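Hi there,

Here is the structure I promised to pass on to you. Have a look at it first, and then read on for my notes.

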Amino acid sequence: MRMEPACPMSPGKEKEDATAVCKESCFVVANGNSCFWNILDPYAWFNPDRLNPKVAALIYWRDPKKSGPVFGCILGVLLSLAYFSLISVLAYLSLLILTGTIAFRIHNTVLQAIQKTSDGHPFQNILEMDLTLPAEKVHEVADVAVAHLNAAVCELRRLFLVEDFVDSLKFGVLLWCLTYVGSWFNGMTLIIIGVIALFTLPKVYETNKSQIDQNLALVQSKINELTAKVKAAIPFGKKEPKKEE
């Protein structure tokens, strides 16, 4: 089962044309850097060139002083959401931040009064920052999201309507496995596992790339061999060639 990177925008369009459109929209995000949304693609985790450079630096632990706090904060928030409601987590986080800023402001004001200085507001630089979202950036992100959504819809249509019997069969096996996964874990647990995998598996793969690639190539060859045998044994699993007009 293979996810198409793009979806044709109309039945008369060839898939290759749509692929080019979606790929182009994906790679213009983040000032020409690799698509930020590729972080949702597990295959991109193991190819830093397909990731936004800042994201790749975090999950590959280029600077542990940055990756550690980011990983810890994300994991802490997710664990909090697993035990408390979203409103409670947001309220407590906001209250913690507000308490910290008020305490720092009071400390800075008292310090200025004692030293008789006038350094101004301690958060003046942050208050002057432009936090408005550029309309162009919002449009770019929306275009990428729509491209991926169209690709997913077209792929699901292909699988559910059994365009390729073997792919639909593999999709059915995947859905059957997900029924067991759903009975073992809830959604938040799976997200936590995904975040832990995001910050560990890419680095492990980079460290042991040659051995892992060798084993994966062996497994892939066995899967391809088995798939070819299944397709050869099932006549209606083969796609009929299109007649040229």
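Please keep in mind that this is a predicted model. Let me start with Phe-185, which is partly exposed: its relative accessible area is 34%, and over 50% would be needed to call a residue exposed. You will find Phe-185 in the loop between helix 8 and helix 9.

Phe-185 also belongs to a nonpolar surface patch of about 830 Å², made together with Leu-169, Val-173, Trp-176, Tyr-180, Trp-184, Leu-190 and Ile-193. Two elements, helix 8 (165-184) and helix 9, each give two or more residues to this patch. Helix 8 is the one that gives the most, with five residues.

Helix 9 (187-198) comes up again when you turn to helix 4, whose buried residues pack against helix 9 and against helix 3 (53-59). Which residues of helix 4 are buried? They are Ser-67, Phe-71, Leu-75 and Leu-78. These four cover an arc of only 65° around the axis, so they sit on the same side of helix 4. On the face turned away from the buried side, helix 4 carries the exposed residues Lys-65, Lys-66, Cys-73 and Tyr-83.

The length of helix 4 works out too: with 20 residues (64-83) at 1.5 Å a residue, the helix should span 28 Å, and this agrees with its end C-alpha atoms, which are 28 Å apart.

Best wishes

Definitions and conventions: Residues numbered from 1 in each chain as written. Predicted model: local features only at pLDDT ≥ 70, side-chain atom pairs only at ≥ 80, totals over all residues. Heavy atoms only, no water. Expected span 1.5 Å × (residues − 1). Buried < 20%, exposed > 50% of the residue type's maximum accessible area, 1.4 Å probe, protein only. Arc of directions from axis to C-beta. Contact = heavy atoms within 4.5 Å. Patch = residues over 30% accessible without salt bridge, like charges linked within 9 Å, V, L, I, M, F, W, Y side chains within 5 Å. Areas by Shrake-Rupley, 256 points an atom, 1.4 Å probe, with all protein chains shown as cover. Salt bridge = Lys/Arg side-chain N within 4 Å of Asp/Glu carboxyl O.
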